[in-house]
Amino acid sequence: FTVLKDRALDIFEATYKGTNLSFVTRNGLVSSKYFYPNSLGFDTLMAGGLFFTAGIRNTGNPGEIDGVWYPQHGRVHCIPATAGYTKSDWVGDDQLKFEIGGDMHDSMIETSLIMHRKIETQMDSSEIVITDTIENPECFTQDFALLYHINMGFPFVDEKAHIIIDKPYEISPFFEFDKQTVDSHKEFCPPEAVPERNYILDVEA
């Protein structure tokens with residue numbers, strides 16, 4: 001897998017035993033320097049990848065609150081990592097452990113939030129462990145929001161794939177045209193002439 005140092009240490013390309021896992025948009029991989037916090041900026045910058053981080057001051061749709069503009073899904077996914085590092089250590093005689101880490105400072109003139117990220121995996125492992133810690137370095141309380149935007153791609157996701165949710169949940173369609181397919185929301189359909197299928201799931205904790 002590929003980790004993007006200039007984009008919050010998000011994971012872009014990823015494969016497992018030669019099979020692609022991630023979805024990449026038409027934009028392709030876009031440099032974080034093109035970040036433009038207007039209402040359409042996200043659509044031109046969204047690259048996809050295995051996952052990107054939304055937050056850490058806001059997630060969801062863009063908007064202005066108390067004179068402050070919050071871009072869609074925040075801006076941490078376009079913040080380069082500082083204090084970045086990589087290291088590897090043997091675990092026993094036959095396992096090599098890898099670790100990648102760094103800090104993302106989501107700062108404005110008067111406030112700052114810091115996300116500390118650590119990514120861990122082992123040689124021949126099918127598991128990637130991501131540990132994020134949000135630090136408030138200020139002397140006052142601050143709100144934060146964090147969302148992991150997972151983007152699975154073909155052929156890992158195709159017409160034969162389906163979603164397993166093992167806890168009770170409530171579902172609501174995001175777009176009006178999603179109402180007609182809400183009963184089949186766990187299934188993946190062939191390409192169709194709609195922008196996307198989007199459902200909101202409130203899963204029991």
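Q: F42 and F52: buried or exposed?
A: F42 is buried, and F52 is too. Buried means under 20% relative accessible area, exposed is over 50% and partly exposed lies in between, with a 1.4 Å probe and protein chains only.

Q: What kind of model is this, and which pLDDT limits apply?
A: It's a predicted model: local features need pLDDT of at least 70, side-chain atom pairs count only at pLDDT 80 or more, and totals for chains, interfaces and linings use all residues. Residues are numbered from 1 along each chain as its sequence is written, and side-chain values use heavy atoms, with hydrogens and water left out.

Q: Back to the rings. How many aromatic pairs turn up?
A: A search of the whole structure gives 4 aromatic pairs. Phe, Tyr and Trp rings (for Trp, the six-membered one) pair if their centres lie within 6.5 Å; planes under 30 degrees apart are stacked, over 60 edge-to-face, and the rest tilted.

Q: What's the geometry for F42 and F52?
A: That pair is tilted, at 5.8 Å centre to centre with 50 degrees between the planes. F42 belongs to helix α1 (residues 41–45) and F52 to strand β5 (residues 51–56), 10 residues apart. Helices (H or I, at least four residues) and strands (E, at least two) are DSSP runs numbered from the N terminus.

Q: And why is the F51 and Y148 pair edge-to-face?
A: The planes of F51 and Y148 stand at 70 degrees and the ring centres are 6.2 Å apart, so this pair is edge-to-face. F51 is in strand β5 and Y148 in strand β12, so the pair ties together parts that are 97 residues apart in sequence. F51 is buried at 5% relative accessibility, while Y148 is partly exposed at 38%.

Q: Which rings form a cluster?
A: F174, F175 and F177 are linked into one by ring pairs.

Q: How many residues of β5 are buried?
A: 6 of the 6, so β5 is largely enclosed by the rest of the structure. Strand β5 runs antiparallel to β12, and 6 bridges join them; strands pair if DSSP finds at least two bridges between them. One spot to look at is A54, which stands opposite L147 in β12.

Q: New topic: where does H73 sit?
A: In the loop between β7 (68–70) and β8. H73 counts as buried, at 11% relative accessibility.

Q: What is H73 in contact with?
A: Leaving aside neighbours within four places in sequence, H73 contacts F42, F52, A54, G55, N58, T59, G60 and H149. Contact means heavy atoms within 4.5 Å.

Q: Which residues make up the largest nonpolar core?
A: There are 10: A8, L9, I56, V76, I79, A81, M104, L113, M115 and I119. Strand β10 (residues 112–122) gives the largest share, 3 residues. Apart from that core lies another of 5 residues, including I11, A14, L50 and F51. A nonpolar core is a set of buried Ala, Val, Leu, Ile, Met, Phe, Trp, Tyr and Cys residues joined through side-chain atoms within 4.5 Å.

Q: What does I119 touch?
A: Not counting residues up to four places away in sequence, I119 touches F1, V3, L9, F98, E99, I100, I128, V129 and I130.

Q: What's the strand order in the open sheet of 4 strands?
A: The order is β8-β9-β10-β11, with antiparallel pairing. β8 (82–91) and β11 (129–135) are at the edges with a single partner strand each, so one side of each has no neighbour in the sheet. From one strand to the next the twist averages 15 degrees, using lines fitted to C-alpha atoms (for helices, over the stretch in contact) and angles from 0 to 180 degrees between N-to-C directions.

Q: How many bridges between β9 and β10?
A: Strand β9 (residues 95–107) and β10 share 11, in the antiparallel sense. D106 has L113 in β10 as its bridge partner.

Q: Last one: which side chains make polar contacts with Q142?
A: R57 at 3.4 Å and N136 at 2.7 Å. A polar contact is a pair of N or O atoms within 3.5 Å; within protein, one must be able to donate a hydrogen and the other to accept it, and residues adjacent in sequence count only if both atoms are side-chain atoms. Q142 lies in the loop between β11 and β12 (145–150), and at 15% relative accessibility Q142 counts as buried.
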